[in-house]
Every structure is written in C-alpha cells, then in structure tokens.
Amino acid sequence: MALAARMGRLGTETAFAVSAAAAEWGSRGNRVYPFHLGDIDLPTPANIVEAMDRAITDGKTGYCPAAGIPALREALADDIGRARGMDIGAERIVVQPGGKPVITKFTQALVDPGDGVLFPNPGYPIYESQIEYYGATPLPYRYVPTTTGFAIDLDQLRELAPSATALVYNDLQNPLACESSDEERRAIAEIAIENDLSVLSDEAYFEMRYSGRSRSIASLDGMAERTVILYTFSKRFAMTGWRLGCAVAPPEIATAMARINTNDESCTTHFVQEAGVEALRDPSGAAALLDELRARRDATVAALAEVPGVSCATPEATFYVFPDVTEAMAITGHDDVADFATAALRSTGVSFCTRRHFGRPRPGETTEHVRFAYSGIGTDDISEGLGRLGEWIGSHR
Ligand code: PLP
C-alpha cells in the first residue's frame, strides 16, 4: 500500500521525541525533571468534571450539531467577546475538538495550493506542517530579542507580506513566551489590511497571564472580518486531554468550517461540550490554576537566574520561558544545542526542548535558546532540578 504523496509533506511535533528520551532515561531508574511538554499536571476543576458526569448520566451521548450545541456557542460568544471587548454573535462560534483543529480547518477553508502563508519561526510546529500539507508556500517570519523578551521583525514581515494571502499570528507565543506591544499588534493589523490577508490569531494562551490584560488583534478596526480566532479550553481549564475548543470566524467562514466538521468528526463530544458550558459558567477553578502557575513561573525565573551562562526575561504570560543558553553551551563545551540538551538530561535529569523543535533555524541566528515549560512540574522540583543544572554547568568552569 503506497502512502499518498502529500503525506511526505505532513510534519509533526518533534517535541514528543524529547518525552520519549526523558521516559527512557527515567525507566533506567534515573530522576527526571520534566520541563519539556506543554501539558499540565494539575487536575481539571471539580465542577467541570461533575458537569460531564451529569451529562453522561442524562444521556448526552449521541450526535449533536456540527457547529456545537447552542448553549456552548452562546456561552463562548459571550465569554470570548467580553474578554476581548468585542461584540461576538453565537453564529461566529464553531466548536472543535481542541484548539489544534482550528489550524487545520483555517488552512483547509482559506488557503489554496500555492498561496503564501506567513507563520512564526520559532513557533508552534503544526502551522508549518499544515501549510505544507495543503500545498501552500511557507513564509516563516522571525523575532528579534529585546530587553523584555522578543519582538516580531516587522521589516521582514512587511517585505514578505505581498507574497502572502494568509498570516498566522500567535500573540502570547509558544515557545517564546512573549507578547506583542500595542504598537506591534497594530502594525501587524495594518500589514494584514494593506495586503488583504486572512489571519489566524492563535489565542491558546490568552487567559494564561499573571498580570496585565491580554488583547486580541481581532478587536482592532478592520480585523474582525478577516480574522479567525483559535480558542481552547486546554490550557485555561487544565483540559488538554478533553479536546474542546472553538474557532471564532466571520459568519460565512464559520459556516464553511462547520461543514468541514461534518466531514471530519461529525461533532465534538456532546457531554464534553456540556462540561464546557459549566467551565464558562463558573471559571473559579481557572483562577486557582493560574495562582499555581504564577508560583511556578516565579520559581523557574528565580532558579534560572542562578544558572551560569543562562539568561531570560520574566514572561507575564504562557507557561514557558525561552532562555538564551549560548554561554552555557560554551562553558560546557557544546556547539550543538541538541547535544547540550542530551548531556543536560544525562547529567542532571533536567529535560527540555530546544529552539529546533519549533522550526528550522533561520540564516543569521547567532544565539541558541531552549524552552522550559513549567506546567508539568511543581515548585520544589523546579528549584531542585534547575539547581542541579546550575551545578553541572558551573562544574565545567
Ligand atoms: N496553539 C498553540 C500555540 C499551542 O501551544 C497549542 C498546544 O500546545 C495549541 C495551539 C493546541 O491546543 P489544543 O491542545 O487545544 O489543541
């Protein structure tokens, strides 16, 4: 049996290979400090679990509308609109089994083979995978380090935009843990409008923030009609395995995406949608989750400040940090970041992804970075693991 030719263009999340290496190292009796996966080791709030139990008992186990049950579409329209200062009608909401399907369905609905699609690099690897799978032309755009994190290279984006029909934008960025300034977000909106681009605004981390307020590019003048928002319950409510999210799209795009739902999965699991209604009705569990993640963020940043040759800003959002490890690699005698990560795992048990798990490095990159996720590791282990990392690097001096 021969695979279809397009399968040769389908990428993956290579970060899962880091999990496999960490699990293998752990299975040999070694201690592992898991900073590699963007999963959450905290339970889904009890009110959400109970709502799902009730829904199953009540027989909410059959097919339901392709675009989602009306109660959830209405609750999402209200919650997403209020948080973004937008007036969103329920007809714009298309429920999905998670946030990730929005990336696929945006590409299926709006991108033709040969179209240019702008996407962040470093960035979530599924963007490039889907762009290539559907035969579009990947146009990666880059970030430059700043004193507070990273900023999009707007000159490069302006240069590439005339070759594009679509733009993927991930404010509150994975893996960089940065967010746009108001000026940067406005400039990106101007570029999208001037070049008549369709925009996918990946807002998976919109609620995962420790101070300040998140903003959506979709709320800027002239953007709602050209933007699809990716929303997910995964991170906000520690529901990564439940698979519940939605697209917020202009009505005619929403109708097309609901038709794709009919073709793909028919509908998102009915009793999971009922649990989603409860999550939005009483989101107090999400606030407790954020308090824990804030403590972990503080522990991570404080411990990394003590690690020789490692430097990073303090992110106000997401649950990642993306430190510069160029000097740490020099101290330990590594010129390959993958070798550095393997040596760190074997010497200290600390497991993390590198920049290369988030797209091919671009010409001219002179620094090396890695990503620590603190969503799957408690504060004591954060301090202990990063303490070990610091001792190991320091021992090479
Ligand atoms: N977008 C970004 C930037 C992510 O980091 C992730 C998951 O890690 C997703 C989308 C997908 O989220 P979900 O688990 O809801 O499919």
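## Basis of the model

The model is predicted, so that local features need pLDDT of at least 70 and side-chain atom pairs count only at pLDDT 80 or more, while totals for chains, interfaces and linings use all residues. Residues are numbered from 1 along each chain as its sequence is written, and side-chain values use heavy atoms, with hydrogens and water left out.

## Ligand surroundings

There are 14 residues around the ligand, and those that come nearest are D202, T232, S234, K235 and R243; a residue is near a molecule if one of its heavy atoms lies within 4 Å of it. By class, this shell comprises 4 nonpolar, 6 polar and 4 charged residues, where Ala, Val, Leu, Ile, Met, Phe, Trp, Tyr, Cys and Pro count as nonpolar, Asp, Glu, Lys and Arg as charged, and the others, Gly among them, as polar.

A polar side-chain atom of D202 lies 2.6 Å from a nitrogen atom of the ligand, whereas oxygen atoms of the ligand lie 2.7 Å from a polar side-chain atom of S234 and 2.7 Å from one of K235. Taken alone, the ligand exposes 390 Å², of which the protein buries 92% (accessible areas by the Shrake-Rupley method with a 1.4 Å probe).

## The largest pocket

The ligand takes up the space of the largest pocket, in the sense that more than half of its atoms lie within 2 Å of the grid points. A pocket is here an open set of points on a 1 Å grid over the protein atoms alone, where a 1.4 Å probe fits, with protein on both sides within 12 Å along at least five of seven lines, and lining residues have an atom within 4 Å of a point.

About 520 Å³ of space lies in this pocket, the volume being that filled by probe spheres set on the points. It is lined by 26 residues, of which E13, G38, K100, Y124 and K235 are the closest to its centre. The elements that give two or more residues to the lining are α1 (15-27), α4 (100-110) and β9 (227-232), helices (H or I, at least four residues) and strands (E, at least two) being DSSP runs numbered from the N terminus. By class, the lining has 12 nonpolar, 7 polar and 7 charged residues.

## Backbone features

A cis peptide bond with omega of about 5° joins N121 and P122, and P122 is placed in the loop between β3 (116-120) and α5 (126-133). A cis peptide bond also joins N174 and P175, with omega of about 15°; P175 is in the loop between β7 (166-169) and α7 (182-194).

In the loop between β9 and β10 (245-248) lies A238, a residue other than glycine with a positive phi, near 50°.

Key
Polar contact = N/O pair within 3.5 Å; in protein donor to acceptor, adjacent residues only side chain to side chain.
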